[in-house]
Amino acid sequence: MLYFSGKLSISGNKKTQNIMRKKKGIRFQFCFVFLSFVLSAQIQPYDTVFIPQPAVTEKISGVFNLSNSTGWFTGNVLSQGDVDYLRDILNIQFNLNLSQVNTYKPGTIRFSEAADTSMDREAYELNIAPEGIEISARKDGAGFFYGIQSLVQCMAASRNPSGSFALPCMKVKDAPRFKWRGMHLDVCRHFFPLDFIKRYIDLLAMYKLNTFHWHLTDDQGWRIEIKKFPMLTRVGAWRKGSMLGAYADQNFDTLRYGGFYTQDEIREVVNYAAQRHIVVVPEIEMPGHAVAAIAAYPFLSCTGRQIQVEKAWGVFNDVFCTKDSVFDFLEQVLQEVLALFPGEYIHIGGDECPKLNWKECRHCQKRLRDEHLKDEHELQSYFVKRIEKFLNSKGKKMIGWDEILEGGLAPKATVMSWRGTSGGIAAAKLKHQVVMSPGKPCYFDHYQYQPVANEPLAIGGYNPLDSVYAFEPVPKELSVSEQKYILGAQGNVWTEYILNPKHVEYMAVPRMCALSEVLWTMPERKNRSNFLMRLKRRIKMLDLMQVNYSKHFLEQ
Ligand code: TNX
């Protein structure tokens, strides 16, 4: 099941087709081979349907007419997940029930294994020709899925009022620029139901994003069931009130607020995402942002004091202590977490950890002495390294926010750079992998339009759509050999001031679309005005899915 409803009826493609015809007749037939080679790196007028823009698109003459009588032939290369996804999306989005055929014949949609087995696991080719559609990719990757997404985008732009599709013929040869194409969601400050998490994943998939960073624990709520420690959710998932309005007002309500995902629900999300070739990276925050866990199990802090799950936003002094019993606890928690998430990464947070309690704690001070650590920054580094060792021993890689650089980076850690790009630059120079997620422009909880007084209350900042589109994840400061450590980038949706799913959509879309092109498309194929034109062409799809996207780009 897909979590979008509504049928598509997209018209308005006539003009584009006319332009294409003219182009073909007048200029493109002349010296076509040479020109197509030269022009393939630039955006062509017929490149109006895709977001993100593919690596190479080449117009060929003719139209393929797709209708309910078109068959599809999987050639036994499509996985069951891809088969089900294609069937669902054709059905839900286009009201089509195409029949699967057992042998290839002209006029069908055909899937074939790429001849080039060294092809990127996410690469695909899509050929739309008058005699049929062919998608080819490696059997063991996500290429078929991305080919299907591109086909769906073509279909959405080529629907006739009668319900059939006149697809302009073209060849697309495509592969992403970056490996980590991420979106994050904080479900702690505000909680979002399972159906919305799936819908969010559907949105990521539409834009060929492949990583969902699920921020599951924080001061204001622990949102993942841990069987060994039931109080984490019985107590830690609920707060007795929430901050209302602007931080400066310091207003609170007294309503019990919370929620959590059971392990079955988590598995459901992980499988749902996997079918869309999206890996879920769970974040379990430590040593800071741990108030909810400490409220459930007070022994986890230095003071042992009973505290409440936080109602306010911010950074708090109650953090995990560095005594052995805390590591035992965290290892048991992580043991359950890693069994739920088959992806290679576990995010351990690591950000914003005040050291005040550690300075006065006899366990922490003993740890400093025993381990010959210089100060509390090195103690944080000890903490993170110890957790990394555990995760590595379980075959997992650790990723953390850029504070994990302070006091010495854990040997194999991947760094998520959020306080600008400097943490990422420093980590890449140390030959560590990096995901770029600088506050500017990757924080989608920041304002996207001015005057901000007309926008829903946000945390602050200003990251308009254009700034996201212009973002370059590879900093100039890195040498060619260092650049390869930049795995990609990610948009973050922190939810202190984002109260419900509709509001998440408003903040995430279309900035997520711009980010998808940053991450997928080579810089020379990017073009701001062309992107805006494509975005405008695609809103019908978002409208019919009833996505509450921000509409300011329509004014540009
Ligand atoms: C900083 S980014 C945080 C979050 C907040 C966010 C608000 C990071 C590692 N920590 O705890 O929600 O700013 O924009």
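I began with Glu403, which counts as buried at 6% relative accessibility (buried is under 20% relative accessible area, exposed over 50%, partly exposed in between, with a 1.4 Å probe and protein chains only).

I noted that this is a predicted model, where local features need pLDDT of at least 70, side-chain atom pairs count only at pLDDT 80 or more, and totals for chains, interfaces and linings use all residues. Residues are numbered from 1 along each chain as its sequence is written, and side-chain values use heavy atoms, leaving out hydrogens and water.

Next I looked up salt bridges (a side-chain nitrogen of Lys or Arg within 4 Å of a carboxyl oxygen of Asp or Glu). The structure has 27.

I checked Arg189 and Glu496. They form a salt bridge, with the closest N and O atoms 3.4 Å apart. Arg189 lies in the loop between strand S8 (180-186) and helix H5 (194-206), and Glu496 in the loop between strand S21 (486-491) and helix H17 (501-508), so the pair ties together parts 307 residues apart in sequence. Helices (H or I, at least four residues) and strands (E, at least two) are DSSP runs, numbered from the N terminus. Both Arg189 and Glu496 are buried. A network of salt bridges links Asp186, Arg189, Asp218 and Glu496.

I then turned to Arg419. It is partly exposed, at 40% relative accessible area. Glu406 forms a salt bridge with Arg419, the closest N and O atoms being 3.0 Å apart. Glu406 sits in the loop between S18 and S19, and Arg419 in the loop between S19 and H13, 13 residues apart. Glu406 is partly exposed at 28%. Glu403 also forms a salt bridge with Arg419, with the closest N and O atoms 3.9 Å apart.
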